[in-house]
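Me: Could you take a close look at one strand of this model and at how it is held in its surroundings? Please then go on to other local features that deserve a careful reading.

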Amino acid sequence: LLQYPDAQRVFQGWNGFSRVDVVESSSVRGLPGSGFRCAAEPPRQMGLTVDGDDLNYISQVEPGFTELPFTDCLLTALPYRLRPGARVLVLEPRGGLDVLTALAQGASAVTVAEPNPLIVRAVREQDDWAGDLYDDPRVDVVVEQGRTYARRTRDQYEVLSVSLNAPQRTVTSGAYSLNEDYRYTVEAFSDYLAQLSEDGLLMVTRWLQVPPSESIRAFGLAVEAMERSGGDPKTSIVALRSYRQMLILARRGPFTEEELAVVRDFAEPRAFDLVYLPDIRPHEVNRHNVLPTPDYHQAFVDLLETEDRQGWYSDYPFDVEPPTDDRPFFGHFFRWTQTREVLAMAGHTWQPFGGAGYFVMVILLALAVVAAAGLILIPVAALRRQEGPLGRTSVYFALLGLGYLFVEIPLMQRFILFLGHPAYALAVVLFAILLFSGVGSAVSHRLSLGLVLALLPALIGAYALGLPSLFEATLALPLGARMVVAVATLAPPGFLMGIPLPKGIALLEERSSSLIAWAWGVNGAVSVVASILAALLALSFGFSVVLVLGAASYALALVLTAASRHPLRSPGFPSR
């Protein structure tokens, strides 16, 4: 962006988890979601980026504006035709385009939930350009993660908008598969629906790609959440598309005939294509931005009408099953059945079909396994000349490496939802687990290894099942209180996980001290493999499965210690 001749950076700020820049340039111009027949041009705009990515727009408007003609052309104007004078909640709008649209289309009050204070500051410092948007008396800005605020607030809204603040990213590149996004999960959409007034509207926009990917996944999220809330998605969801974006509206209660007429009257003059309405007719689809086949309409209808929804997801070219809090990877579309296509395209295109970025992790895992195997096995020839329980020692310390990382990694990922940002989760979870593991190590000589290894699987299993309930009960607390809850929650497993390693080292010191350095090496090498494997398993199966595998690793370590009286050639090992 800065390579354009007239580009000028007008703001830059750093905090503990981001860098925010604002760039002024004539090249920054866009109205995502506008229709073919939109005559109004976008206003002058600045570009706002987070960590040099995710370009969003800060539009030039006059303070106290009441009309902005260019917003009439946007998909996101539709909810305000259905709910004039609505009270609106906008989640994480970045540069504020969705806020401008709401106000210009007649919203009576707009609450903005923006978790990054630097973004709020960046927009406010451009007040002479942005029309005092975040200081407008009609706007209330809350510096808080959107989903947390939606859970905490007691207010109800006629319109809740989940802003599309990420640029279009080609699904086939496989980029951003590992990004957790807790705004787009079934549980999140259920929270949003609960914050709507009796006939309120949930608005979601996503980018278009063929075959349908993120749009059908967002539609599936709305369907699943609607069913969980007791609604009928066949009568309570509408969808329409521009040439770049899909708009999905989910309503509390069924859409009325009058509301469906408003949708049609809105779409036709702007050349928006109807994708799904409860009473949609075949001749109404694929009329303006004409595709060879009506892929979006057909996918949406098939999803709603199939009797075997899980089978439908399994047969779809991409993995579009709705994400959950246990598997919150909205950008992960890869499935193993795409392997043949990926390999066939290798070397012919830089973006093979199906999210080949997943294979980067697989290759990294293979390299780590080869390196770990070499580092573990090469010394074996020398160590065999020495006394010591080589096999049992290697298995025991390898299981500890697997178990520790299979617990630590998914806990860090799960606490992103609870603490609101990956940086907070990383800091708090690492702090708590390492601190209490150190405490456990310090007192390990006083505790029974057999008892600890018996308690760990049960405790980790309880966490796999119980963390969602804990988060649901405490997510509305202030951030500081949630950090305290997180540290207290992580103290018991951290304490117990700190005991088996020093306990094993101490026993080796008594009987086979020559194996100590090698045992540390086995544990460290396997831990590297485990960190990559944990991420891949979480993508494919969810965090709970990885936690259960961590519990199983400690259970196997217990079996190993119980199977022989002298597993590390140390009398009484299970009870020491």
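Reply: Strand β10, residues 237-241, is largely enclosed by the rest of the structure, because five of its five residues are buried. Buried here means under 20% relative accessible area, exposed means over 50%, and partly exposed lies in between, with a 1.4 Å probe and protein chains only. Strands (E, at least two residues) and helices (H or I, at least four) are DSSP runs numbered from the N terminus. The model is a predicted one, in which local features need pLDDT of at least 70 and side-chain atom pairs count only at pLDDT 80 or more, while totals for chains, interfaces and linings use all residues. Residues are numbered from 1 along each chain as its sequence is written, and side-chain values use heavy atoms, with hydrogens and water left out.

Within β10, I237, A239 and R241 point one way, V238 and L240 point the other way, and all of them are buried. The strand pairs in the antiparallel sense with β11, residues 245-251, over five bridges, where pairing requires that DSSP find at least two bridges between two strands.

The loop between α9 (257-270) and β12 holds A271, a residue other than glycine whose phi is positive, near 60°. A271 counts as buried, at 4% relative accessibility. D54, which is found in strand β4, residues 53-59, has a positive phi of about 55° although it is not a glycine, and D54 too is buried, with a relative accessible area of 13%. A further backbone feature is the cis peptide bond that joins V210 and P211, with omega at about -5°; P211 lies in the loop between β9 (196-207) and α7 (214-228). As background, most residues other than glycine have a negative phi, and most peptide bonds are trans.

Turning to the helices, α21 spans residues 543-563, and its 21 residues reach 30 Å from the first C-alpha to the last, close to the 30 Å expected at 1.5 Å a residue; the expected span is 1.5 Å times one less than the number of residues. Among the buried residues of α21 are F543, V546, L547, G550, Y554, A557 and L560. The buried residues of this helix pack against α15 (390-419), α17 (449-474), α18 (479-497), α19 (500-511) and α20 (516-541), contact being defined as heavy atoms within 4.5 Å.

P422 is found in helix α16, residues 422-442, and is partly exposed, with a relative accessible area of 41%. From P422 to G504 there are 82 residues in sequence and 33 Å in space, C-alpha to C-alpha.

At the surface, L1, Y4 and L55 form a nonpolar patch with about 260 Å² of accessible area together. L1 is found in the segment before β1 (8-15) and is partly exposed, with a relative accessible area of 37%. Accessible areas come from the Shrake-Rupley method with a 1.4 Å probe, and for residues only the protein chains shown count as cover.

How values were computed:
Patch = residues over 30% accessible without salt bridge, like charges linked within 9 Å, V, L, I, M, F, W, Y side chains within 5 Å. Salt bridge = Lys/Arg side-chain N within 4 Å of Asp/Glu carboxyl O.
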